[in-house]
Amino acid sequence: MVAPTDNPDVIWVEEPEMGFWEATFLPAIVEGLKTTLKHVTNYQPVTQQYPEEKPKLPLHYRGVHRLNRDEKGRVKCVACMLCATACPANCITIEAAAAPPDWPDRDKFPASFVLDELRCIYCGMCEEACPVDAIELTHIYDLTGESRSALMYDKDKLLKVYDETKDDPRDPTRTRRGRLGPAADFSELPTVAPATPITPGDRSAKAESPGIIRPYEGSRDLPE
Amino acid sequence: MPAIVVTLITIAVAVGAVLTTVAYLILLERKLSAWMQDRRGPNRVGPFGIFQPLADGLKFLLKEDVIPSEVDKTLFLLAPTISLFTTLLAFAVVPFGPVDQAPSFLRFIIAPGVDIGIVFIFAVTSLAVYGVILGGWASNNKYSALGSLRASAQVISYEIPLGMSVLGVALLNGTLNLENIARDQAIGGLWAWNIWTQPLAWLIFFTSALAESNRLPFDLSECEQELVGGYHTEYSAMKFALFFLGEYTHVITASFLSVILFFGAWHLPYIATPESAYAGAWLVKVLVILLKVFCVIVLIMMIRWTIPRFRFDQLMNLAWKALIPLSLANMIAVMCVLQFGWNKYWLGAISIGLFFLAGVIGVAAKRAEIRHRPAAIKLVGAHPVPSP
């Protein structure tokens, strides 16, 4: 262990001497009261009035799941079980079945897909694991149900979430890896903005693809 | 009108007004603290949340009243009632208007002509600490017990400067009767307000009153970060509300005392003087004293959100090393002025002088302490320094 007084990074600070006015407390109290009063006279509340004002969530917000549909309106999922395997909370239960004969592009499809929204920890690992971009997390955060069973989301409910959110600009089909999957005919996917709002001067805004931040190579000094 | 009816009306008006005011003071405090912290405060029950106190009261009445199994039941139930009862009792001798110009149906003081008014108030309000101590002790909870221990030490310490700061006023006015102190100041006019002769005493009184009513920055008996909730951790529903009412009534009484003793009670030059005889003059005078009290309460609330809570040793230092010697010196100054017949306005200058003297002593003590503090020991070679 480095002794504190030997370490060049340690700056040894002595307690400053108290001046006369400090010792009497009063000026500091008056100064403090002025600050307090300023907040009352110059009242600028920052509270968000929730039910009336909705929060602007960042783009990477992870809310309720959805099961995406492909361009033919079928469920995109190919019942590969990768999401159920990746899930740290074990909240996904998939029963696979052989795909119908008129679905030549895949072998399996989910006969049942049940996701327990109460068990889920909304980590988004299912979304990352999915090879065909079938499961994604949306911006829906106000999830309520009258019973536990009402929050066991099955395939129909998850597809309904997709139908509700697919036109929301904040919930595009986000992951790109699914382009290589067998069940997708998409050649172009929407470019997703950076996860958090950024100022034009930010280096992430100047990146070739906004949202990708490369290791910084410039000077570490702060710009003037 | 028979005296008994007038007394009953006065009691009903005073107690009713105090309890309603407490309810709305809590709303005001919540609103003010919200404004000071750039929030909005309660705004859901009625316009601007004005029905919030009603909702709160209803909630207090309807909530489950938990009595933990291992508590001392008698004391547990007794404690909140003591807390509220004593603070309300103290209000009995506080004149809340011009007592000698009262209308026939009202009296502006519940118990008139109590010649030991100030002593009575201090005797009764210091009993309020029994509510805190018994509540904390009976709860059978170590945090409650610690909170009540702190409260007892704090209240006993601050009782001394509180009493001694008021003694100066009592000596100057030659009476302990609050009605007479109020009347003397009103007759003497603006320059007879005791604040001009006893500014230091007011400062001491105000600080000690904050400590007595367990308000921030002196609310060590219930500081959430260290003691969960302090002495009222185990209390719920209406029993908790009684503690709360007691605390706020204490604040109101202390504000009234502050105004009556130092700021001329209901007197205001040109508007509310003893000679003003226009119709409804008594109402104006009541409004004047209420306005003054309101200002003091708002000041107390502002201080709550301005000054952080004291550490316990700082609290004790402030009482024993600053307030008690200062109030003693102030009292001796008053005695000298009265004994040698000097002009009493010298006391204002003496107060300021004492204040500066205290500041100088504080600086000198701190400097001496720093000078004699052992220097930091260089630990070169004491520990092996790993090469980077």
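Two strands are said to pair if DSSP finds at least two bridges between them, where strands (E, at least two residues) and helices (H or I, at least four residues) are DSSP runs numbered from the N terminus. The model is a predicted one, in which local features need pLDDT of at least 70 and side-chain atom pairs count only at pLDDT 80 or more, while totals for chains, interfaces and linings use all residues. Residues are numbered from 1 along each chain as its sequence is written, chains are lettered from A and ligands numbered from 1 in the order in which they are written, and side-chain values use heavy atoms, with hydrogens and water left out.

With that settled, chain A can be taken up. Chain A holds 5 helices and 5 strands, and its elements, read from the N terminus on, follow the order α-α-β-α-β-β-α-β-β-α. In chain A, 3 strands form an open sheet in the order β2-β3-β5, with antiparallel pairing, and its edge strands are β2 and β5 of chain A, each of which pairs on one side only. Strand β2(A), residues 92-98, and strand β3(A), residues 108-116, are joined in the antiparallel sense over 7 bridges, and Ala97(A) stands opposite Phe109(A) in β3(A). Strand β5(A), residues 152-153, is linked to β3(A) by 2 bridges and also runs antiparallel to it; here Asp116(A) has Met152(A) in β5(A) as its bridge partner. Of the 224 residues in chain A, 33% are buried, where buried means under 20% relative accessible area, exposed means over 50%, and partly exposed lies in between, with a 1.4 Å probe and protein chains only.

On a 1 Å grid over the protein atoms alone, a pocket is an open set of points with protein on both sides within 12 Å along at least five of seven lines, a cavity is a set of points where a 1.4 Å probe fits but cannot get out, and lining residues have an atom within 4 Å of a point. Grid points are joined across faces, edges and corners, and a volume is the space filled by probe spheres set on the points. The largest pocket has a volume of about 1700 Å³. It is lined by 49 residues, of which Ala23(A), Thr24(A), Phe25(A), Leu318(B) and Ala322(B) are the closest to its centre. Two or more lining residues come from each of α1 (20-23) and α2 (26-41) of chain A and from each of α8 (199-212), α11 (281-304), α12 (312-340) and α13 (346-371) of chain B. The lining of this pocket divides into 33 nonpolar, 8 polar and 8 charged residues, where Ala, Val, Leu, Ile, Met, Phe, Trp, Tyr, Cys and Pro count as nonpolar, Asp, Glu, Lys and Arg as charged, and the others, Gly among them, as polar.

One of the helices that line the largest pocket, α12(B), can be followed along its length. The expected span of a helix is 1.5 Å times one less than its number of residues, so the 29 residues of α12(B) should span 42 Å, and the 41 Å between its end C-alpha atoms agrees with this. Just after α12(B), Gly341(B) takes a positive phi of about 65°.

The largest cavity has a volume of about 150 Å³, and of its 16 lining residues the closest to the centre are Ala128(B), Val132(B), Glu212(B), Asn214(B) and His250(B). Helices α3 (73-90), α5 (128-138) and α10 (237-262) of chain B each supply at least two residues of this lining, and α10(B) gives the most, with 4. The lining of the largest cavity divides into 6 nonpolar, 8 polar and 2 charged residues.

Helix α10(B) also contains Ala237(B), which has a positive phi of about 50° although it is not a glycine, and Ala237(B) is buried, with a relative accessible area of 8%. Asn140(B), in the loop between α5 and α6 (142-173) of chain B, likewise has a positive phi, near 55°, but Asn140(B) is exposed, with a relative accessible area of 52%.
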